[in-house]
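This report describes how parts of a protein model are arranged. Please examine the sequence and the structure shown here before reading on.

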Amino acid sequence: MKRETGRRLIGKSDAKKIRSSVLVASLGVTALVLGATPAMGAFRGQDAARVARSRSGSIEIAIFHDYSGPNAAYGPEAGAGCFPAERVINAAGGVLGHQLTCVPTDAKGDPADAVPAANRLIASSSSLVGVLGGGSDDATAVVPLFQQAHIPIFSTTGQSTFSHSTFSYFWRILSPDSAQGSAMAAAAKKLGFTKVATLFGNDAAAQGSAPSAIAGVRKLHLNLVISQTIAIGQLSYRSEVQKLASAKPQAIISEADPQTSATYLSELSQLGTVPALITDPVSQEPSWRKAVIGAIGKSKLNANDYAVVAYSSMTSDAYKTYITALLASAKQVPQPSQWEADLYSVADYDSVVIMALAMDLAHSVSPSVYNSYITKVTNPSKGAVVVHTYAEGKAAIAKGKRIQYVGAVGSIVFDRWHNAGQGFAIERYKSGNWALSSILTSSEIKAAA
Amino acid sequence: MAVFESAVGFGIVTAAILAVSAVAFTLQFSVTNIFNIAFGSVMTGTGFIAYAVNSSGVNIWISMAVAALSGGVISVAMNSLIFAPFIRHGLSRFAMVIVTIATGLMCENTIQAVVGPTFYSYTVPAEHAYNLGGLLLTAQQLVIIAIAVVLMTMTHLGLKYTRVGTAMRGLSVNTSLARACGIPTRRVVAVTWFASGVMAGIGSVALFLDTSTFSSTTGTDFLIVVIAAAVLGGVGSAEGAVVGALVVGLAIEIEAAYWNPELKEVTAFVVLILVLLLRPQGIFSQLASERTAVG
């Protein structure tokens, strides 16, 4: 009998049919994949409008973060900063007569996809004046591209590589991961824990703070009972969990993605107790909390979690302005209240306001011109008027005054490498809100660094 | 309890969870010869169906049964509406893999559009571990192991002693000969897709219960481990998939217990490569590489 093979011979008409089928299917698949994600749908819809707006003089800030894949929450998180800023800036008359628009752009989660996406963004938009983007996973790949294109990029990466980089268009408001790690160790000491474990995912984001946290624990002479670096996204961590439980730590200094944290803590919880958790700002992200609450329960998480975050006064005028604008932006930011305490969203809001104020001061929306004015609107200088909102800053600049923008995250003072960095505080989740537990002094953090 | 015994115990739990999905994957491949990458999104979809049922107050095990049935229906629909027309046009096996990847992407993105970029968990009572001869296991894990054992036994007996099982085995060895012998190919293929979908539904809920939380990409994220178990045992062999899952589960847990947990997946794949170097056809199977896809 003739054996059938994978390479079946086909006639010309069959081949035509197959080619047509594949073509139709490919087009269908492409259309469906592009159209499936709501955020991407909105993005696509904005493309045509973007062209029209740029003709009428609008300027664009790209939200260059993930809108698909495992970190698809990063895009909406940055949007929760950008769209409220867009609202307050345009309500104050825009920037030098231009309306400002936030444009979601999918970075897709890894450098291989992020680089072509960044190149497309740079090549296709003539009215792009700034970027929010460059997370820990793709910053090293995309920051040089925006540097080359002379477009300022406000990044949320924690990578220490950027602490002393010479990229003149790179800006970072939040502290680098190394400072975060030291602060977490200092928090363990301040909270009175003596037997500490460290638990970090093996991804770039978590590994940024791991070395300084471990070094900090040792420097502070705390007893490091076990230190684990775990592969993220695993089916189970039972063996690792049992080793950690046997070491009996009073507290775990930890940073890992939502899925990994949930699986690990769920298995730890099944063994009876969950020690205190000293976590980073990721634990304040809605997706992280939702995942871990689903795994160990709200009461257990709230009772054990101590989030070590950049200190920002949640009562400042700048923060109140942000919250008002955020809640009014429900059309672009679904369920806006979930981002109220999200430090990354707050920092992105400040980033956009800073870029807009720098353009006002420079009397130019040209990125290569206003980039050098950024420190002039944030850093303290003699006679500068402290402003907390875009409207205040714009009015002061119009009167010819120097300004210092103190934003929703607090004072933002960039060093020569364009890193700002804040003090740190320990926050706890109580009665539906994040509340300040205590402030870590600079000497406490210095002792761990 | 000794670290080794404990790691072996944990490895068995992991293997039980993997085995259900690995057998489902390999059963469908052995009969249809379609290397179905969209299997991961079927798992995700059924996991979310179980979530919808569970969220309305229904017990998780009943939700699992609903997910199983939906998995069967989704798989049959996927084959008849997408894969079968391509097969009828004589698409090569490689091209079929591309079709399944595209189908998986479509499904994953559609799921993400519906559920959003966040995480979900089933509503289950708080679990505490029971000490079984020094091994700490939860009631939920014990139920999952029991379900896996029952399913594996049923699959084995079904393939060996039922008419449809015999027909499936016939198709998996030689499609043309089976057809010539009067085996109703389409019906048998439909039953295979349904059975594979049912097991995907059960496997996804077991997996998502074990990871405690899941998102629109979880099924696809774990597909590589499922495929590794299936390939290790010998693609096309149900018994092989069980053994493959056991080897992967044990390798992962023993490595994590004794060495660097960061490298647990690396170890599993090193074992996979070593086994395939010695037995390219996998532990159990004879290769079915020369067959065309059957829709």
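The bounds of the domains discussed here come from an automatic or database domain assignment. The structure is a predicted model.

**Domains of chain A**

Chain A is divided into domain 1, made up of 38-176 + 322-331 + 343-367, and domain 2, made up of 177-312 + 423-448. Taken over C-alpha atoms, the centres of domain 1 of chain A and domain 2 of chain A are separated by 30 Å. Their contact draws 14 residues from domain 1 of chain A and 15 residues from domain 2 of chain A. On the side of domain 1 of chain A that touches domain 2 of chain A, helix 14 (residues 343-362) of chain A gives the most, with three residues.

**Two packed helices of chain B**

In chain B, helix 10 (residues 238-258) packs against helix 11 (residues 264-278) at an angle of about 135°, and their axes are 8 Å apart. Helix 10 of chain B is therefore oblique to helix 11 of chain B. The crossing of helix 10 of chain B and helix 11 of chain B is right-handed. Helix 10 of chain B contributes B:V247, B:V248, B:A251, B:I252, B:E255 and B:A256 to the contact, while helix 11 of chain B contributes B:K264, B:T267, B:A268 and B:V271.

**Residue classes**

The table lists the classes of residues in the two regions.

| Region | Nonpolar | Polar | Charged |
|---|---|---|---|
| Contact of helix 10 of chain B with helix 11 of chain B | seven nonpolar residues | one polar residue | two charged residues |
| Side of domain 1 of chain A that touches domain 2 of chain A | six nonpolar residues | six polar residues | two charged residues |

Key
Residues numbered from 1 in each chain as written. Chains lettered and ligands numbered in written order. Predicted model: local features only at pLDDT ≥ 70, side-chain atom pairs only at ≥ 80, totals over all residues. Axes fitted to C-alpha atoms, helices over the stretch in contact; angles between N-to-C directions. Helix = DSSP H or I, 4+ residues; strand = E, 2+ residues; numbered from the N terminus. Parallel < 35°, antiparallel > 145°, perpendicular 65-115°, else oblique. Left-handed = near helix turned anticlockwise from the far one by under 90°. Contact = placed C-beta atoms within 7 Å. Nonpolar A, V, L, I, M, F, W, Y, C, P; charged D, E, K, R; others polar.
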